[in-house]
Amino acid sequence: MTLAKHMRQAVLAMMVAALPISGAAAADSKVKWKMAATFPSSLPQLGTLGKRLEDQIAKVSGGNIEIRFYEPNALVPPLEVFDAVSMGAVDAAFSTPGFWGGKVPALQVFAALPFGPAAPEYMAWFYFGGGKEIFDEIYAKYGIKSVMCGMLAPEGSGWFKKEVLSVDDLNGMKLRFFGLGAKALGKFGVSAQLLAAPDVYPALDRGVIDGLEFVQPAIDLKMGFWQIAKYYYFPGWHQQSTFFDLMMNKAQWDKLSPTQQAQIESVCGDNVRYGIAEGEAIQLPALKELQEKGVTIKKWSDEDLKKLHVAVDEVIAEQVAADPDFARAYASFSAFRKDYATWKDIGYLK
């Protein structure tokens with residue numbers, strides 16, 4: 001080999017050695033986080049999607065990222081995880097943005113909107129219609145970085161011990177209900193409250209509440225509501241699709257390398273896909289089993305749904321007037337939905 005060739009190879013080796021190491025090859029610091037949960041791991045989707053996140057991020061990162069799932073109350077009570085993540089008392093939490101509507105009203109727009117969109121439309125607005133940018137800004141005010149990390153299929157809209165002939169008959173009832181739908185039921189004289197998962201069945205059993213909505217047939221079956229209430233109402237006008245998110249303390253998030261951040265975002269994106277597909281697949285078997293257990297499936301009349309829609313519109317207007325961030329987020333969604341309606345009208349079968 002000539003001297004010139006030796007020199008060229010030596011120079012090439014020096015140039016390669018001087019190149020920055022890629023994110024994939026860099027020895028990122030190992031991450032070990034504690035993740036609080038608002039639902040137990042035994043519950044389909046609500047908990048299992050959080051456990052799936054724990055498993056998948058370990059695989060995708062080659063063990064470099066450990067996000068350990070902790071059952072509700074193991075670290076903090078379920079309805080206190082927002083503050084715990086914000087203050088850095090826990091690293092992360094798996095929940096839905098709608099749980100924090102009493103604290104941050106605008107987050108309700110990013111959880112489930114009554115008479116709102118199915119998953120494709122909701123995701124289109126969030127990822128490509130300006131929703132994510134507003135979402136990030138709102139959470140950042142509280143020292144939180146959040147990534148959408150799951151999505152649920154449409155929910156049931158109520159379990160009752162006695163048949164409800166009209167939404168007007170809800171007057172005076174005490175119900176466990178979620179989000180903006182709970183506020184809408186207030187227009188009908190309902191006293192609605194949000195209860196954490198472990199408290200719902202005992203409240204129904206003791207008569208603390210007269211009825212409830214929780215989630216989907218597959219989850220409600222697991223909760224055992226059919227043992228007390230035999231009338232199950234649809235459609236879930238208040239939650240046609242529901243986002244779940246991974247809240248992370250922003251200071252902890254900022255310490256991650258770009259590769260680690262991308263790994264978390266990628267696993268959460270796959271969790272959204274998984275949640276939609278699984279949710280649609282598991283409802284019919286659950287419905288059949290509930291009917292075998294003596295549950296009567298009921299549907300709200302068109303007239304009742306119209307009344308509910310009017311109440312929802314009133315609640316939205318009140319929220320828009322009361323909170324600038326809610327107004328900004330809902331204006332963004334509404335503008336997108338108006339344009340999307342044209343595509344939906346010509347692109348989808350009726």
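How many residue pairs are in polar contact across the interface of domain 1 and domain 2? The rule finds 14, with both residues at pLDDT 80 or more. A polar contact here is a pair of N or O atoms within 3.5 Å; within protein, one must be able to donate a hydrogen and the other to accept it, and residues adjacent in sequence count only if both atoms are side-chain atoms.

This is a predicted model, in which local features need pLDDT of at least 70, side-chain atom pairs count only at pLDDT 80 or more, and totals for chains, interfaces and linings use all residues. Residues are numbered from 1 along each chain as its sequence is written, and side-chain values use heavy atoms, without hydrogens and water.

Start with the division. Domain 1 covers 31-153 + 241-283, and domain 2 covers 158-239 + 291-344. The bounds come from an automatic or database domain assignment. Their C-alpha centres lie 22 Å apart. Domain 1 brings 41 residues to the contact and domain 2 brings 36, where contact means heavy atoms within 4.5 Å.

Now the interface itself. About 3,400 Å² is buried between the two domains, and carbon and sulfur atoms give 68% of that area. Buried area is the accessible area (1.4 Å probe) that two parts lose on being put together, summed over both. In domain 1, P114, F115 and E121 lose the most area to domain 2, together 23% of what that side buries.

Three salt bridges are counted between domain 1 and domain 2, each a side-chain nitrogen of Lys or Arg within 4 Å of a carboxyl oxygen of Asp or Glu. The side chains of R337 and E121 form a salt bridge at 2.9 Å, N to O.
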